[in-house]
Amino acid sequence: MNKKALIPFAVFIAGLCSIIYELLISTTATYFLGDGVRQFSIIIGVYLFSMGIGAFLSKFLKDKPLQFFINVEFALGFIGGISVPLLYMLFVYVSPMVLQISCLAIIFVIGLLTGMEVPLLTFALEESNIKNNLSNVLSLDYIGGLIATLIFPFIILPFVGLYYSSLIFGIVNILLGIVLNYTLLKDKKKNSLYGFIAVIGLLALVLFGGKFLKVWDQKIYKRPIVLNEQTPYQKIVMTKTKGDLRLYLNRVIQFSSADEYRYHESLVHIPLLMHNDPRRVLILGGGENLASREVLKHQSIESIDVVDIDSTMFFLAKENKYLMEINENAAVNTKVNLITQDAFTYLFNNTKPYDVIIADLPDPTNQAIARLYSKQFFLMAKRNLKKDGVFVTQSGEVYFSNTVFSCINNTLESVFEHVEPYHTYIPSFGDWGFIIGKHTNNEKEINYQSLPKDLKYLNQNQIEQAFVFPTDISVKETKLNTLDNPIILNYFLDEWAKWKVDFESGTQ
């Protein structure tokens, strides 16, 4: 590559790598700390602010701009490369506050170095004999940023993962500096030594990355891992010990095979028993097909549509031997139709109403999931029900997360004429809540004659007790959760932080 083409190429690679680091750190912070909107907002803000500082400081380095640019590439590549492995390690050993500060400190340094890149190259162009239209050269920086944002969600995250991506792009950054050093600088040895040391360090982290991640995973999950897969939407982990299979999505437990039947029997059968003749059922979420397993126990059922955004969950439900055993092959039943789509989008586009809609969705840990508990989402669910239809949603832990439970209840009451909460105790989760919504404003009418006979947990007495709440658990006043104001996310994060601190301090 000739010198004239090398500078624009350097600008392109520098722009691409810097945006990749910003996306990696923002995504990692979201996984570990929750609230993607908040994490992306503050990290982007700090990143842009520090870029401005870096651009200002670059004017003090104009004596040897190309040499300083190469040093910046070495530093940026090494810091960006170790950023995600460092955050992984910190997640295990420090508090969420320290982890948040660490994320911001790392992105500040990366932004500071990134801000120096273009000004330094501009100074280098001015003092060299290399003739390039500055606007054409700088445009490549933005093109590199565009390419980064396109390949990150479709290639880097699902196929490479956060840990290895930071190391790989760190090495790319450093190799760029080494190439520039040997091509454009006269004194090549001193600078190149720093670059080679940094590359060797990152390569060592790549080589030992598998062992590190395995130890890290076991530190987090504390049980033997039988499946560990990153998809474009989430990290799926399954652990198994002494017959207990557990599913985690983004480190949050979804079920334990030791007691999942309590959750799914309560979620499914109670609303089905409140409908006179349930035939067409929609399950939102529940890609592992444990809810559809329970729905199939009702002889009146003609079709079950299961809508999940992650096709990998459907694949595992049909092919993974552990899940197939637990879901009793429900995913391949001829009555079950698996639909890979976002639940919100599906409800918006669907035109055929259902008898029963079951929202088996994750807790509102981020903005994307919080909208699935919004007033607008519940309005669309109501529109997708027949006149005698029944809607039910899981509503989280009712004691430790009572504000979230209350928010869901209050939001549903603003949509449905009749709302009825109930709960059941699940050892792996706690006292878990569910809320039913109906068009008709009448008391619960449960057809106990239709209750399947082969259930492990539910019976008439248990169902009657499910609607009775203890005195210290009540629905409190909250704001409504809407698309415009997803207040439930704040409620969830605040309560999670409160009880986490109490448990760790031994006060609860």
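Helices here are DSSP runs of H or I with at least four residues, and strands are E runs of at least two, each numbered from the N terminus. With that convention in place, I begin with helix H8, which is followed by Lys222, a residue whose phi is positive, near 65°. Please keep in mind throughout that we are looking at a predicted model.

Which residues of H8 are buried? They are Gly209, Leu213, Trp216, Asp217 and Tyr221. When one looks down the axis of H8, these buried residues fall within an arc of 115°, and therefore they line one face of the helix. On the face turned away from that buried side, H8 carries the exposed residues Lys211, Lys214 and Val215.

I now turn to the chain as a whole. It has 508 residues, of which 55% count as buried. The secondary structure comprises 18 helices and 11 strands. Taken along the principal axes, the C-alpha atoms fill a box of roughly 90 × 50 × 45 Å. Among the contacts with a separation of 6 or more, 74% are between residues 24 or more positions apart.

Where does H3 bend? The bend is at Ser83 and amounts to about 40°, with a proline, Pro85, following within four residues.

Next, the strands. S8 pairs with strand S5, residues 280-285, in the parallel sense over five bridges. Within that pairing, Gly285 stands opposite Asp360 in S8.

Val356 stands opposite Val390 in S9, and Ala359 has Thr393 of S9 as its bridge partner.

How many of the residues of S9 are buried? For this strand, residues 385-397, the count is 10 of the 13, so S9 is largely enclosed by the rest of the structure.

Beyond S9 we come to Phe400, in the loop between S9 and helix H16, residues 402-413. Phe400 counts as partly exposed, because its relative accessibility is 27%. How far apart in space are Phe400 and Gly430? They are separated by 30 residues in sequence, and by 8.8 Å from C-alpha to C-alpha.

Let me now consider a residue in another loop. Thr478 is found between helix H17, residues 460-466, and helix H18, residues 487-505. Is Thr478 buried or exposed? With a relative accessible area of 16%, Thr478 is buried, because the cut-off for buried is under 20%. Leaving aside residues up to four places away in sequence, Thr478 touches Thr403, Ser406, Cys407, Asn410 and Tyr491. With Asn410 there is also a polar contact between the two side chains, at 2.9 Å.

Finally, I draw your attention to the loop between helix H12, residues 321-327, and strand S7, residues 336-340, which holds Glu328 and also Asn329. Glu328 has phi near 55°, a positive value in a residue other than glycine. For Asn329, which is likewise not a glycine, phi is positive at about 60°. How do the two stand in accessibility? Glu328 is exposed, with a relative accessible area of 53%, whereas Asn329, at 39% relative accessibility, counts as partly exposed.

Thank you for your attention.

Conventions. Residues are numbered from 1 along each chain as its sequence is written. This is a predicted model: local features need pLDDT of at least 70, side-chain atom pairs count only at pLDDT 80 or more; totals for chains, interfaces and linings use all residues. Side-chain values use heavy atoms; hydrogens and water are left out. Buried means under 20% relative accessible area, exposed over 50%, partly exposed in between (1.4 Å probe, protein chains only). Two strands pair if DSSP finds at least two bridges between them. The bend at a residue is the angle between axes fitted to the seven residues ending there and the seven starting there. The arc is that of the directions from the helix axis to the C-beta atoms. A polar contact is a pair of N or O atoms within 3.5 Å; within protein, one must be able to donate a hydrogen and the other to accept it, and residues adjacent in sequence count only if both atoms are side-chain atoms. Contact means heavy atoms within 4.5 Å.
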